[in-house]
Amino acid sequence: MGTQESKPLPPRNWSEYEPIPIETLSEPSTTQHLLQELGQEGFVILRLDDDLMNALLEFIEASQIFFEQTASEKEAYTVHDPLRGRLNQGYILVDRIKEFLKFKAGDELPDVPPHLADRFDQFIALIHPLAESILDLIAETETEEGTKYMDETLYKQVKEMLPLKSAVAMISYYPRLPPEERDQDDPPTYDEDGLSIPSQTHTDTGLITLISCSDVPGLQVEDRRTGEWIEVEKIADPRRDLFCILGNKIELFAQRQEDTLFKRTVHRVILPYRTSRCSMLYFVDVPQ
C-alpha cells in the first residue's frame, strides 16, 4: 500500500458499504481492504463475531444499570487528584450534557451492578486483541519508500505501554431541549439545523478508537471527498458492528512524518432534540 496520491477520490455510494468480518482479518485480501479503507476514508466498519458481540452487549447492559443510579451514587466513583482535580477516568459528568463511565484494565469498577466488573473483564479481554491486530497491520504497512509505517523499535514500546492508557468508556448522552425551551441555567450547547451537537467536531488524541454502533444514530465522520458528513451509523448494524477511526498519534508515530498513509479522523455526534443515546468507545492510547 503506497502513499496516497493527492488527486480527488471518486464519489462513493455509502448505502452499499459492506462491513469487514473480524474473523477474516488474517486473510491478505481483507488486510488490504481494511488498510485501504482506513487510509482513504479514515474509518472502517467491522462486523463482530458472536463472542465479541455478546460480550459488548452484556457490558453495555450492565453499564446502563449503573447510569440509572442517583447522581450522588454515581458521583461516588468520580476520581480526583489532589493537584490535578477531577481526572478523566471513573465517573465523569459533563455539564449535564453527557456522562461517562471510563476505566482501564485493572481499575476498580463500581460494585453496582455486581456483575459490571466481570462483564468489563470479559469484554476487554476480547476487544484489546482486536485493537492490537489492527494496530499491527497499520504499523507494518509498507510505504512507497520501502519502510514500514512505524519504526519497529518504537512500535514495540508503544504496544508495551498500551495497557497504561487504553480505556473503555460508556457514554450516555442526555436528551436536550430546543434552545427556546431551555432554562437560563442550562449549560450551553451547540446546535445546527434544528439538531443538538453534544460532541463537537474533533479528532481523538490516541492511536485508534473502536466505537460501537448505537441504535440511536448520531456519530458522523467527515467525508474526505466532499467535506460533508457521513451518517455512518445509518449504514451499520447496531448490534453487530463496530467502527474503527484514527487518532492524532497515528500520525505522530509515523516513521516518516511526510507519509500520509493514515490521517486522523474528523468526527462528531449530532442528535435530534429530546433524544438520548448510549455508546461504547475503546480508546487505544499510550501515555504522553
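This is a predicted model: local features need pLDDT of at least 70, side-chain atom pairs count only at pLDDT 80 or more; totals for chains, interfaces and linings use all residues.
Local features need pLDDT of at least 70 and side-chain atom pairs count only at pLDDT 80 or more, while totals for chains, interfaces and linings use all residues. Residues are numbered from 1 along each chain as its sequence is written, and side-chain values use heavy atoms, with hydrogens and water left out.

**Largest pocket**

- The largest pocket has a volume of about 730 Å³ (the space filled by probe spheres set on grid points joined across faces, edges and corners).
- A pocket here is an open set of points on a 1 Å grid over the protein atoms alone, where a 1.4 Å probe fits, with protein on both sides within 12 Å along at least five of seven lines.
- Its lining (residues with an atom within 4 Å of a point) has 39 residues, and the closest to the pocket centre are Lys98, Phe100, Ser199, His202 and Phe283.
- Elements giving two or more residues to this lining include strands S4 (85-94), S5 (98-103) and S14 (277-284); strands are DSSP runs of E, at least two residues, numbered from the N terminus.
- S8 gives the most, with six residues.

**Helices H4 and H5**

- H4 (residues 116-139) and H5 (residues 152-165) pack at about 165 degrees, with axes 12 Å apart; helices are DSSP runs of H or I, at least four residues, and axes are lines fitted to C-alpha atoms over the stretch in contact, with angles from 0 to 180 degrees between N-to-C directions.
- The two helices are therefore roughly antiparallel (angles over 145 degrees).
- The contact (heavy atoms within 4.5 Å) is made by His128, Glu132, Leu135, Asp136 and Ala139 of H4 and Tyr155, Lys159 and Leu162 of H5.

Conventions: Angles under 35 degrees count as roughly parallel, over 145 as roughly antiparallel, 65 to 115 as roughly perpendicular and the rest as oblique.
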